[in-house]
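User: I would like to learn how to read contacts and aromatic pairs in a protein model. Where do we begin?

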Amino acid sequence: MPPQPAVFFDRDGTLMEEVEYCADPRQVRLYPGVPLALRQLKAAGFLIFIITNQSGIARGFFTAAQYQAVQAELLAQIGPGLIDASYFCPDAPGVPSSCRKPEPGMVLEAARDFPIDLPRSYFIGDKSADIECGRRAGTRTILVMTGYGAQQTCAPDWRALDITQAIRLVLDQVA
């Protein structure tokens, strides 16, 4: 199978509202338009991944099972068949880690698991670490202004108000 372009998404503050150390599925709130925009990406031939730091596990704020429950609720709200895979890093800041963003470990793992064309791919997130992760992995980058986006001082390839505008930017590049 030939390599395909992918879009890698940060989770908290990008696809769903930011909830500090979200451990309760009842707190999952997708940003407006996320399922439709993801369907448009799928229809255009993109693979779709969630790449998320979850240091709350290492810090003892929540368990891996609680993370999985939140993730399951997120995927249920997004709808079936849209997310190809999710990758999370439980490591705390300051601990040597190849997976904790801005390190590209999770993106590179996805590229080993799936036929991904990284130079034709995008990383969309609301933090400088997301943008740097995408850059280190060889993708193009989009910073959204939701979550922590408005507070970031980084140099993404593009900036977007929200996820739907970011996906329009991606789709405009392939049109």
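Analyst: Begin with a definition: two residues are in contact if they have heavy atoms within 4.5 Å. Keep in mind that this model is predicted.

User: Which residues is Thr52 in contact with, leaving aside its neighbours within four places in sequence?

Analyst: They are Arg11, Asp12, Tyr67, Tyr87, Phe88, Cys89, Lys101 and Met106. Thr52 itself is part of strand β2, which covers residues 47-53.

User: Is Thr52 buried or exposed?

Analyst: Buried means under 20% relative accessible area. Thr52 has 1% relative accessibility, so it counts as buried. The side chain of Thr52 also makes a polar contact of 2.7 Å with the side chain of Gln54.

User: How is a pair of aromatic rings described?

Analyst: Two values are used: the distance of the centres and the angle of the planes. A search of the whole structure gives eight aromatic pairs. One of them joins Tyr122 and Trp158, with 6.0 Å centre to centre and 40° between the planes, and this pair is tilted.

User: Which parts does the pair of Tyr122 and Trp158 tie together?

Analyst: Tyr122 belongs to strand β4 (residues 122-125) and Trp158 to strand β6 (residues 158-160), so the pair links parts that are 36 residues apart in sequence. Tyr122 counts as buried, at 1% relative accessibility, while Trp158 counts as partly exposed, at 24%.

User: Which residues form an aromatic cluster?

Analyst: One cluster is formed by Phe8, Phe49, Tyr87, Phe114 and Phe123. Tyr87 has already come up here, among the residues in contact with Thr52.

Definitions and conventions:
Residues are numbered from 1 along each chain as its sequence is written. This is a predicted model: local features need pLDDT of at least 70, side-chain atom pairs count only at pLDDT 80 or more; totals for chains, interfaces and linings use all residues. Side-chain values use heavy atoms; hydrogens and water are left out. Rings of Phe, Tyr and Trp (its six-membered ring) pair if their centres lie within 6.5 Å; planes under 30 degrees apart count as stacked, over 60 as edge-to-face and the rest as tilted. Helices (H or I, at least four residues) and strands (E, at least two) are DSSP runs, numbered from the N terminus. Buried means under 20% relative accessible area, exposed over 50%, partly exposed in between (1.4 Å probe, protein chains only). A polar contact is a pair of N or O atoms within 3.5 Å; within protein, one must be able to donate a hydrogen and the other to accept it, and residues adjacent in sequence count only if both atoms are side-chain atoms.
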